[in-house]
Amino acid sequence: MGESLADVQQALSFVTEIERLKDVLRKTKPVGLNRFENSAEHSWHVTLTALMLQSFANEKVDIFRVIKMLLIHDLGEIDAGDKIIYASETPEQKNKEAEGVKRILNLLPGHIGEDFFDLWLEFEKGDTAEAKYARAIDRIPPLLHNFHGDGHSWRNHKISKEQVLDINQRIALGSEKLWQYISAEIEEKASQGYFNHQTEKQGES
């Protein structure tokens with residue numbers, strides 16, 4: 001194999017550093033819990049979700065490649081922190097995340113970090129079948145949290161139904177069947193008043 005004890009030390013330094021992802025709080029609460037999810041929990045959740053839903057992908061995907069993408073795609077939040085997606089896709093935030101991912105992956109020995117960073121870039125670009133599917137699945141848990149949690153994150157951040165539909169259209173690029181179901185659920189939750197904060201806000205002005 002050729003790996004040295006120094007390589008082992010580097011790998012374990014990486015494993016130790018990524019523990020910090022457990023301390024990055026996200027903006028939604030897990031189903032049935034009155035606390036916010038952390039980013040490490042999200043990584044586990046989306047990875048298992050991708051494994052379970054792969055038969056719904058638009059194209060045949062290399063699920064191992066998808067899993068690797070989903071396990072590393074949020075590592076940059078250790079340095080950049082988490083922002084709700086409706087405010088996170090800015091050049092400034094993406095640059096912070098990229099620099100964070102680079103720093104953390106540079107802890108790995110040899111060219112392993114470079115290979116993983118290429119996967120991170122592939123996910124961000126969203127051009128390959130694997131990246132499209134991974135990006136689609138990445139959106140599922142936060143939506144489920146809101147579906148089963150009275151739209152708590154949407155209410156807290158004054159997110160409109162139109163914003164939710166717009167940014168989550170990427171699900172269709174990875175799975176049209178999932179988007180057909182999810183978009184119908186968003187409409188249903190809207191009819192149940194999950195976006196009533198918009199009406200309330202307009203009434204106060």
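Which helices each supply at least two residues of the lining of the largest pocket? They are H1, helix H2 (39-53) and helix H3 (63-72). Helices here are DSSP runs (H or I, at least four residues), numbered from the N terminus.

Some ground rules come next. This is a predicted model, in which local features need pLDDT of at least 70 and side-chain atom pairs count only at pLDDT 80 or more, while totals for chains, interfaces and linings use all residues. Residues are numbered from 1 along each chain as its sequence is written, and side-chain values use heavy atoms, with hydrogens and water left out.

Back to the largest pocket. A pocket is an open set of points on a 1 Å grid over the protein atoms alone, with protein on both sides within 12 Å along at least five of seven lines. Lining residues have an atom within 4 Å of a point. The largest pocket holds about 300 Å³ of space. Such a volume is the space filled by probe spheres set on the points, and grid points are joined across faces, edges and corners. The lining counts 16 residues, and Phe 14, Ile 18, Leu 71, Ile 72 and Leu 75 lie nearest the centre. H3 gives the largest share, five residues. By class, twelve lining residues are nonpolar, one is polar and three are charged. Here Ala, Val, Leu, Ile, Met, Phe, Trp, Tyr, Cys and Pro count as nonpolar, Asp, Glu, Lys and Arg as charged, and the others, Gly among them, as polar.

Now for cavities. A cavity is a set of grid points where a 1.4 Å probe fits but cannot get out. The model has two cavities of 30 Å³ or more. H8 has the largest share, three residues.

Turn to the surface. Leu 5, Val 8, Leu 12 and Val 15 form a nonpolar patch there, with about 410 Å² of accessible area together. Leu 12 is found in helix H1 (residues 5-17). Patch residues have over 30% relative accessible area and no salt bridge; like charges are joined within 9 Å, and nonpolar side chains (Val, Leu, Ile, Met, Phe, Trp, Tyr) within 5 Å. Accessible areas come from the Shrake-Rupley method with a 1.4 Å probe, and for residues only the protein chains shown count as cover.

Charges come last. Side chains of opposite charge can pair when their charged atoms come close. A salt bridge is a side-chain nitrogen of Lys or Arg within 4 Å of a carboxyl oxygen of Asp or Glu. The structure holds 16 of them.

How far apart are the closest N and O atoms of Lys 94 and Glu 97? They are 3.5 Å apart. Both residues lie in helix H6 (residues 91-105), three residues apart, about one turn of the helix. Glu 97 counts as buried because its relative accessibility is 9%. Buried means under 20% relative accessible area, exposed over 50%, and partly exposed in between (1.4 Å probe, protein chains only). Lys 94 is at 24%, so Lys 94 counts as partly exposed.

Lys 94 also forms a salt bridge with Glu 124, at 3.2 Å between the closest N and O atoms. This pair links distant parts of the chain, because Glu 124 lies in helix H7 (residues 112-125), 30 residues from Lys 94. Elsewhere, Arg 26, Lys 27, Glu 37, Asp 74 and Asp 82 are linked in a network of salt bridges.
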